[in-house]
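Subject: Structure handover

Dear colleague,

Here is the structure for your files. My notes on what was found in it follow below.

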Amino acid sequence: MSGGKAGQEGQDWRWRLAAAGDAFAMRVLATALAEDGRHDEAVAWWEKAIAAGDETALHQLADHVGAGRLEGQLRQRAESGDVTAMGNLAKLLVRNSGGQRLAEAVHWLTLAVRAGATLERELVAALDSAGQPAEAEDRLRHMAAAGDLRALHDLVGRLREGDDGERLDEAVVWLTRGVAAGEPWEWDLIAVLDRAGRADEAEARLRRLADRHDVKAVATLLRRAPENMRARVSRRELDVPVRARAVDHIRRVAAALARLGVREEAGRWWAAADALDERVLFSPAARLAARPAPVSGAPDAGVEWQLREMAATDDVTATRVLAGYLARTGGTAEAVRLWTRADAADVQGLWGVLEERAFGDTSDTVTSRRGPVSASGDGVVADASPADAVFEETPAGTEREPGTAPATATHHLSAQMPSRAGLCEPVSLVVRVSCGADHDDGGVSAPLAGFRPVREGSPLTLIVRAPAGLDPQGPLEHTLLVPPFGAPAPVRFAFLTREPGLHRVRVSAWAGGTFLTEIGLEVSVERDGPYAVGPPSAAGMGEMRAHPGEVTLLVDRVGDQYTFRLISDRCIYGAVLAQALTAAPEAAAERAYAMLQRLAAGRGEYSGAHARRWMKETGVGLWTEMVPDPIKEQFWQLRDHITAFSVASEHDVLPWELLYPIAPGRDEGFLVQQFPVLRNSLGRPRSSALPIGEPHYVVSARAPVNGDSEIESIRRILGTGTVVDTLDGVLTVIDAGTTGPLHFTCHNTFDPAGGSSIILADGPFVPALLNSAVARRALQDGRPLVFINACRAAGAVPQYTRMLGWAQQFMGAGAGAFVGTLWAVRSDSAQRFAEAFYASLSAGEPLGTAVHRARSHAGHDEADPTWLAYTVYGDPDAIVSAPAPAPAPAPAPAEFSPARVVPTPVRCEDM
């Protein structure tokens, strides 16, 4: 017993505990003493441990001194009347005899018990082992009669075996005694009474339990009632808890009835509880379910779809309403499952993670482990929640790691909502992302081409924009973590209809700060209108990858107010509502355009540094007046991490390229000086490749003064191509779906009331002539670059439901990118911009970089605003998909009639 200071301390503790009577410490101490050769001391401590009831010490001592020797010593002491020795000898005989000396062990245990030893249980076990069950049972009766409740319970267990009536009656007697003693054996007693054929007594017992609000007793009474009497008994039992408004008790009874397989009555009780629960009664789902069905007694498919999509979230009240709706329309089994899950969610505070419990036949329902399956069968729907988490994106172009989705695991995006709904009623928008073979919605969804989630999942952000007539009932943004295989839970966005009419809802998808696509859906709201649910809507998706460092400013306008949202791969900020406008911003924009046009023409009120100062102050005014303060703060937080800035807007004519961010101690120049600035054409996927096929050069009837020079210089970069100067020629090229750049060197007339017009040899070319091309997506396969190098080429005017201009039409027709101008441009500066732009692009630089370089190249004159005028729609990371052709020999100059040359420095017909 050595081992240094720590060992000595351990020995001291063992001695102290053993001396205090700890049997375990005695045994451990004895073992240690035996290892040290202190035999007599070890035996003494083992014997003390045995006397304290440690049976292990008995076996250790037998192993130490020898079983035969120990048995002899114990027998000698037992024969002299030592009761403890009698018990220990019996235990040793049972252990070492292999069952051969059980009779002797029973003898010694009987003597020990008669002498007062508490070894009755050991005696019963020995009697059973010796094949004397009747004697063991008698011994248990003796113990039970003496008040041993454990023996009583063991005795009842033996008496319940088999179907002997007398033994069952005896079990009833003993159980009754135990219940009277306060033991929780009422249900054992009821079960034995039933087996003994004493059903009346069993029901009397159940009645007493039910009167004490025992849930199981109430449910069992109802199940035992004759089927033709069950409804009457149920109403009678419901009366008291209903009057007491005991909602939880009623639901517990319903759950017990469901477990017992009495579904109809379970539904009756759950419905009664819901009728008392104000959360359910006054919920939007309850108002929806109360709508009259198109056919009396038949389910309303539109209402059912809506309820399912509401219930498939953690909206417990909607789940209860759906359950009641299904119970009334014949779906009892599914209703029971939904009520059961709603109860579990209420109790546990969880939803969609509890194990399913089947109650008999479930053929009329399909569920998943995460919750009820939606009407379209795609799984659980997750509630939309703020997407305020930070996600670090995998850099584009990195090789696929093990665990990422292979090229064959294509993801699809779709959205669905009612096409018709009533006024002041709930409406759900459900967005889904499915993968590969799991995708099945009739083929209307679009593949997310190029989307390759990493092993941990990749974030996909959904942002919903809705008109004022639809009142959102929660956040309008949600970030999904899309796994490489399988599908994430669909997302539900909830609305209440507030105004009648046709309302358009838009869902845009984002990877970090990179816009992917947008889906548009419409719902017609009518007073007392029916619910109608059409198939899911879908949008084509291009390369679904995040561009690290790209930030998008999402600008929307509802009525007379703008909303702004900054989206990046670092954070998805919430929408910010700007102050109500004091005047129409279009008027201020037109005043700015007029001044910029005069400056471009050299006829402005300012020149030199003063002209540049006027441009700066106009940009600062746009920044300070239009951009809300929270957006400004977010911009400065992200500023040093931005690699490209995109503006996504609709129904908007403001010159965002003129923005000049400024703050105390921060003046980095115009936004377009700081990094590439492009625009997003919402509703269409962006193209990451710009094909360079045969170029077409379009010239107007009255060409700019340097039109020949511009086309000649661009031909050296892109190739000879074809010159087009007629309306028929332009429309033919577009209708054929050109795959090469379409470059316009021309004059463009823009009227804020009538829009743009380019006069060609056989008639004016206007944006409306592209309506068919937009409808057919005529340019979608070729995705050409379209560059209209003319004044105000990016101007747009309101059409029936959207803005109409060259950018909107060409991008809508499927162009890969569009370059135009927001105001008048000088011809020489416009040529320098185009030359630098095409040179950079053909050298393999991305679209955003090419635009950024072209601005710098064209911006030498302080008084010339041309470099700021250009606006570009497209993917800032898009590159040409094939090398540009080798420089061609100097082509013969295009032959233009002198009458078509206009000696004006700007490219506007009205200058």
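**A strand covered on both faces**

Both faces of strand S18 are covered: Ala644, Ser646 and Ala648 are buried on one side, and Phe645, Val647 and Ser649 are buried on the other. Please keep in mind throughout that this is a predicted model. With 6 of its 6 residues buried, strand S18 (residues 644-649) is largely enclosed by the rest of the structure.

S18 has parallel pairing with strand S15 (residues 550-558), over 6 bridges. One of the residue pairs there is Thr552 with Ser646, its bridge partner in S18. S18 also pairs in the parallel sense with strand S21 (residues 677-680), over 4 bridges. In that pairing, Val647 stands opposite Arg679 of S21.

**The chain as a whole**

The protein chain has 911 residues, and 52% of them are buried. It contains 33 helices and 34 strands. The accessible surface of the chain is about 38600 Å², and carbon and sulfur atoms account for 51% of that.

**Nonpolar cores**

The largest nonpolar core has 136 residues, and the members that touch the most others are Trp269, Leu307 and Leu429. Helix H16 (residues 247-259) supplies the largest share of this core, with 8 residues.

What is Trp269 in contact with, leaving aside its neighbours within four places in sequence? The list is Val218, Leu222, Ser234, Glu237, Leu238, Pro241, Ile250, Val253, Ala254 and Leu257.

There is also a second, separate core, made of 80 residues, with Leu553, Met615, Phe675 and Ala834 among them.

**The six-stranded sheet**

An open sheet is formed by 6 strands in the order S10-S8-S12-S13-S5-S14, with mixed pairing. Its edge strands, which each pair on one side only, are S10 (477-482) and S14 (532-533). Inside the sheet, strand S5 (residues 418-422) and strand S13 (residues 514-526) run parallel and are joined by 3 bridges. Gly422 has Glu526 as its bridge partner in S13.

Strand S8 (residues 458-465) holds Thr461. Is Thr461 buried or exposed? Its relative accessibility is 3%, so Thr461 counts as buried. The side chains of Thr461 and Thr479 are joined by a polar contact of 3.0 Å. Not counting residues up to four places away in sequence, Thr461 touches His478, Thr479, Ser508, Ala509, Trp510 and Ile572.

**The three-stranded sheet**

A further open sheet has 3 strands in the order S26-S27-S28, and the pairing is antiparallel. S26 (749-751) and S28 (763-765) are the edge strands, each pairing on one side only. From one strand to the next, the twist averages 35 degrees.

Strand S27 (residues 755-760) is paired with S28 in the antiparallel sense over 3 bridges. There, the bridge partner of Ile758 in S28 is Phe765. Helix H28 (residues 727-735) packs on this sheet and touches S27 and S28. The direction of H28 makes about 35 degrees with that of S28.

**Some single residues**

Glu710 is in helix H27 (residues 707-718). Its relative accessible area is 0%, so Glu710 is buried. A polar contact of 2.9 Å joins its side chain to that of Thr745.

Where are they? Arg777 lies in the loop between helix H29 (771-776) and strand S29 (785-789), and Arg783 is found in the loop between H29 and S29 as well. Buried means under 20% relative accessible area. At 13% relative accessibility, Arg777 therefore counts as buried. Arg783 is buried too, because its relative accessible area is 18%.

Regards

Note on methods
Residues are numbered from 1 along each chain as its sequence is written. This is a predicted model: local features need pLDDT of at least 70, side-chain atom pairs count only at pLDDT 80 or more; totals for chains, interfaces and linings use all residues. Side-chain values use heavy atoms; hydrogens and water are left out. A nonpolar core is a set of buried Ala, Val, Leu, Ile, Met, Phe, Trp, Tyr and Cys residues joined through side-chain atoms within 4.5 Å. Buried means under 20% relative accessible area, exposed over 50%, partly exposed in between (1.4 Å probe, protein chains only). Helices (H or I, at least four residues) and strands (E, at least two) are DSSP runs, numbered from the N terminus. Contact means heavy atoms within 4.5 Å. A polar contact is a pair of N or O atoms within 3.5 Å; within protein, one must be able to donate a hydrogen and the other to accept it, and residues adjacent in sequence count only if both atoms are side-chain atoms. Accessible areas come from the Shrake-Rupley method with a 1.4 Å probe; for residues, only the protein chains shown count as cover. Two strands pair if DSSP finds at least two bridges between them. Axes are lines fitted to C-alpha atoms, for helices over the stretch in contact, and angles run from 0 to 180 degrees between N-to-C directions.
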